[in-house]
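Me: I have a new structure open and would like to learn how to read it. Can we go through it feature by feature?

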Amino acid sequence: MPKSFYITTPIYYVNASPHIGHAYTTIVADVLARYHRMYGAETFFVTGTDEHGDKIAEAAQKAGVTPQEYADKISAQFRSLWPELSITNDYFIRTTDTNHIETVRNILQKVYDSGDIYFGSYGGNYCFGCERFLTEKEIVDNKCPEHGREPQYIEEKNYFFKMSKYQDWLIDYIKKHPDFIRPERYKNEVLAFLRDPLDDLCISRPKTRLQWGITLPFDENYVTYVWFDALINYITALNYPHGDKFKKFWPAAQHLIAKDILKPHGIYWPTMLKAAGIEPYRHLNVHGYWNSDQSKMSKSLGNVVRPLDLKDKYGLDAFRYFLLRDMVFGLDSNFSEEAFVKRLNSDLANDLGNLVSRTITMTIKYCDGKVPQSNYKKKDSVLHKAALKTVAEVEASFNDMSLHKALIAIWNFINVTNKYIVEKEPWTLGKDPANREKLIAIMYDLLMALQAIAILISPFMPQAAGKILQQIGVDESKKLTLASVYKENVLTAGNPLTRGESLFPRISRENNS
Ligand code: MSP
């Protein structure tokens, strides 16, 4: 486990309100941050908003306000959404922040001085949705496949970054670091792209066409292209080039994005870093797209899924669980409320909720309402063995970003524990006082299993984990890690057990309308 961990989400455009796609990436980042903190790694988690460029200027104009006013309003929506989803970001960056503007100008000057930026003329097909020129290959039926709009032919004098100069270096770097971009399908996509000669990157926009951007340090008549501005946020957040944050967290950076912005992150960003004399990031983790009722989410289709509506209706932990359990990292997934309710009822209400409530009820009954003295034999405990196996599986899943697999492993353990109760029949043993020792050992084992489950689910469902620990009398301030799973210094004999309200009430069809 690395000593320091730096995780970033894309900085989101402020031309639309947050939806389930933004929530997913940010929740995944949060799970990773919580997991690493649990291991004692010094963790820095950054999210924020991307506020310059055509798109925002256009949206502000439509709304009849200045771009700054517009950006302030939507950025505030993102900023206030995250605590509601229990997101524990350490920093929220805006590209209109003064320190970011300074960093962008600093990098531009550096690259300009080293001779990797030149002035030239370029004509090409520009997609305003992507905010970049598209190559011939990327245009399908005269349209940008991502935005369904015809690109516009634009020809103008601009500044260019010599990205082509770094093509061979990048191919070589990706081949030598096979998990630089993961999962593999996205690495292959980038390599496939790099089979054709790479164009230089147009990194400016004349102010005659766009004013809403960062002025180039070497030409007042131009603003910086929005991607060259936005990507630099990842080092602004670390106070580059000053202080020790940058030293501590770079290059151990892990970027998290969806497949829509693979090219800027997989090609522009590493070559920009190289040109600026900065080491490449450690991993680019790429996930798929959430669709809604089998189609792409869009305002016009009216199928945009809003995170707060779901949280208010079903609870935050259920929402987080569904997103993390249902998407195979790297592949697309379909959101349907019906599938959500099904999972909530089966995995959360039935498997986990019932396990917690019946274990607590029985232990209260058979152990005088308190955590009993440990008298179980560790070496004979099947639950102990299964819990340690689960920890190993969870660690492996986190290492290769398969968070859904971590949840599958945890649920296997929950099911083993449920089966254990059925096999041991504590209610039968409870009928004869001669079985008391045996019964207490079983109940203690079950409390240890709940302790393990609470720790294992805590990065995913922090609230439910806290409630379980509270019910088994574990002090919240106790520092728990995966190494505390099945450790006997967590439960305190004699602490009262409390029956809480149902962790995940079942949703019936009638009240799901
Ligand atoms: N501003 C750029 C990113 C700059 S990063 C230096 C941008 N912003 S965005 O608002 O369009 O956000 C795109 C990201 O939002 C995706 O990469 C993904 O993280 C998330 N998602 C938005 N819609 C999504 C889905 N439908 N499904 C999954 N995630 C998606 O691009």
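Me: Which residues are exposed on the other side of α4?
Reply: T98, E102 and D113 are exposed there. Exposed means over 50% relative accessible area, buried means under 20%, and partly exposed lies in between (1.4 Å probe, protein chains only). Before we go on, note that this is a predicted model: local features need pLDDT of at least 70, side-chain atom pairs count only at pLDDT 80 or more, and totals for chains, interfaces and linings use all residues. Residues are numbered from 1 along each chain as its sequence is written, and side-chain values use heavy atoms, with hydrogens and water left out.

Me: Which residues of α4 are buried?
Reply: H100, T103, V104, I107, L108 and V111.

Me: Why do the buried residues of α4 line one face?
Reply: Start with the general idea. An α-helix has 3.6 residues a turn, so residues three or four places apart point the same way. Now the case here. Seen down the axis of α4, the buried residues fall within an arc of 130°, so they line one face of the helix. The arc is taken from the directions from the helix axis to the C-beta atoms.

Me: How many residues does α4 have, and what is its reach?
Reply: Helix α4 covers residues 98-113, so to speak 16 residues. From first C-alpha to last, α4 reaches 22 Å, close to the 22 Å expected at 1.5 Å a residue. The expected span is 1.5 Å times one less than the number of residues. Just after α4, G115 takes a positive phi of about 90°.

Me: Which residues are buried in helix α5?
Reply: In α5 (residues 167-176), they are Q167, L170, I171, Y173 and I174. These residues cover an arc of only 165° around the axis, which puts them on the same side of α5. The face turned away from that buried side carries the exposed residues D168, K175 and K176.

Me: Now sheets. What is the order of the six strands?
Reply: The general idea first. Strands of a sheet pair through backbone hydrogen bonds, either parallel or antiparallel. Here six strands form an open sheet in the order β3-β2-β1-β12-β13-β7, and the pairing is parallel. The edge strands are β3 (91-94) and β7 (181-182), each pairing on one side only. Two strands count as paired if DSSP finds at least two bridges between them.

Me: How many bridges join β1 to β2?
Reply: Eight, and the two strands run parallel.

Me: Which residues of β13 are buried on each side?
Reply: In a regular strand the side chains alternate between the two faces of the sheet. In β13, H283, N285 and H287 are buried on one side, L284 and V286 on the other. Five of the five residues of β13 (residues 283-287) are buried, so this strand is largely enclosed by the rest of the structure. Strand β2 (residues 42-50) has eight of its nine residues buried, so it too is largely enclosed.

Me: What is the order of the three-strand sheet?
Reply: β15-β14-β16, an open sheet with mixed pairing. β15 (295-296) and β16 (333-335) stand at the edges with a single partner strand each, so one side of each has no neighbour in the sheet. Two bridges join β14 (residues 290-292) to β15, and these strands run antiparallel. S292 stands opposite S295.

Me: Which residues come nearest to the ligand?
Reply: Of the 23 residues around the ligand, I11, T25, D50, D260 and W290 come nearest. A residue counts as near if one of its heavy atoms lies within 4 Å. A backbone N or O atom of I11 lies 2.8 Å from a nitrogen atom of the ligand. The protein buries 94% of the 670 Å² that the ligand exposes taken alone. Such areas come from the Shrake-Rupley method with a 1.4 Å probe; for residues, only the protein chains shown count as cover.

Technical notes
Helix = DSSP H or I, 4+ residues; strand = E, 2+ residues; numbered from the N terminus. Polar contact = N/O pair within 3.5 Å; in protein donor to acceptor, adjacent residues only side chain to side chain.
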